[in-house]
Amino acid sequence: MGVVIKDITYTNLDGETKTERVWFRLSALDLNKLNEMYKGEADKLLDKAIKKKDSTFIAKYLKDVIVLAYGVRSEDGNKLIKTPELTEAFDGSLVFDEIYTELLLNPEEVEKFIEAITPNEVMDAAKKQMK
């Protein structure tokens, strides 16, 4: 299905420990947006960055993926709501900081995360192209 649900625990600005459930999914539209952001070469640029160990590019790409994939689950569970206001609020949140840091410090988890939030049909097509 391509959805990741994470319970993120963090310490808020008042020093209180909080846990929030967050949802991530990259739709086909999100993947198109990501590709546009990188002028149609997102995959090539990422592969190149990984080979060169370009941590600056990888960190920016990861941020873009996390922010694009984030959404708020609708009450009926039929969609993830993604609005500019929700995206902006998430991007500046301690929850975002927590997941971003978690993934940056565990590079082996980044590929798993991206595969998990990507629709199965898109991952299947990508794997076929790689063969």
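This report describes the sheet, the helix contacts and an aromatic pair of a predicted model.

## Sheet layout

Four strands form an open sheet in the order β1-β2-β3-β4, with antiparallel pairing. The edge positions are taken by β1 (4-11) and β4 (80-81); each has a single partner strand, so one side of each is left without a neighbour in the sheet. Strands of a sheet pair through backbone hydrogen bonds, either parallel or antiparallel.

## Strand pairing

Eight bridges connect β1 and β2, which pair in the antiparallel sense. Within this pairing, T9 has T19 of β2 as its bridge partner. The hairpin of β1 and β2 has five residues between the strands, and G15 takes a positive phi near 85° there.

Strands β2 and β3 run antiparallel and are joined by two bridges. F24 has Y70 of β3 as its bridge partner. Strand β3 (residues 70-73) also pairs with β4, in the antiparallel sense and over two bridges. On the β4 side, L80 is the bridge partner of R73, and I81 is the bridge partner of V72. Six residues lie between the strands in the hairpin of β3 and β4, where G77 takes a positive phi near 75°.

## Helices on the sheet

## Contact of α2 and α3

Helix α2 (residues 42-52) and helix α3 (residues 55-69) have axes that come within 8 Å and cross at roughly 140°. The two helices are therefore oblique to each other. Their crossing is left-handed.

On the α2 side, the contact is made by A42, D43, L45, L46, A49 and I50. Helix α3 contributes F57, I58 and Y61. Sorted by class, the contact of α2 with α3 has eight nonpolar residues, no polar residues and one charged residue.

## Contact of α5 and α6

The axes of α5 and α6 come within 5 Å, with a crossing angle of roughly 115°. Residues I99, L103, L104 and L105 of α5 make the contact with P107, E109, V110 and F113 of α6. By class, the contact of α5 with α6 has seven nonpolar residues, no polar residues and one charged residue.

## Aromatic pairs

The structure holds nine aromatic pairs. A pair of aromatic rings is described by the distance of the centres and the angle of the planes. One of the pairs is formed by F24 and F113. Their rings are 5.4 Å apart centre to centre, with 75° between the planes, and the pair is edge-to-face.

F24 lies in strand β2 and F113 in helix α6 (residues 107-117), so the pair ties together parts that are 89 residues apart in sequence. F24 is the residue whose bridge partner in β3 is Y70, and F113 is one of the α6 residues in the contact with α5.

Key
Residues numbered from 1 in each chain as written. Predicted model: local features only at pLDDT ≥ 70, side-chain atom pairs only at ≥ 80, totals over all residues. Heavy atoms only, no water. Axes fitted to C-alpha atoms, helices over the stretch in contact; angles between N-to-C directions. Parallel < 35°, antiparallel > 145°, perpendicular 65-115°, else oblique. Left-handed = near helix turned anticlockwise from the far one by under 90°. Contact = heavy atoms within 4.5 Å. Nonpolar A, V, L, I, M, F, W, Y, C, P; charged D, E, K, R; others polar. Pairing = 2+ DSSP bridges. Phe/Tyr/Trp six-rings, centres within 6.5 Å; stacked < 30°, edge-to-face > 60°.
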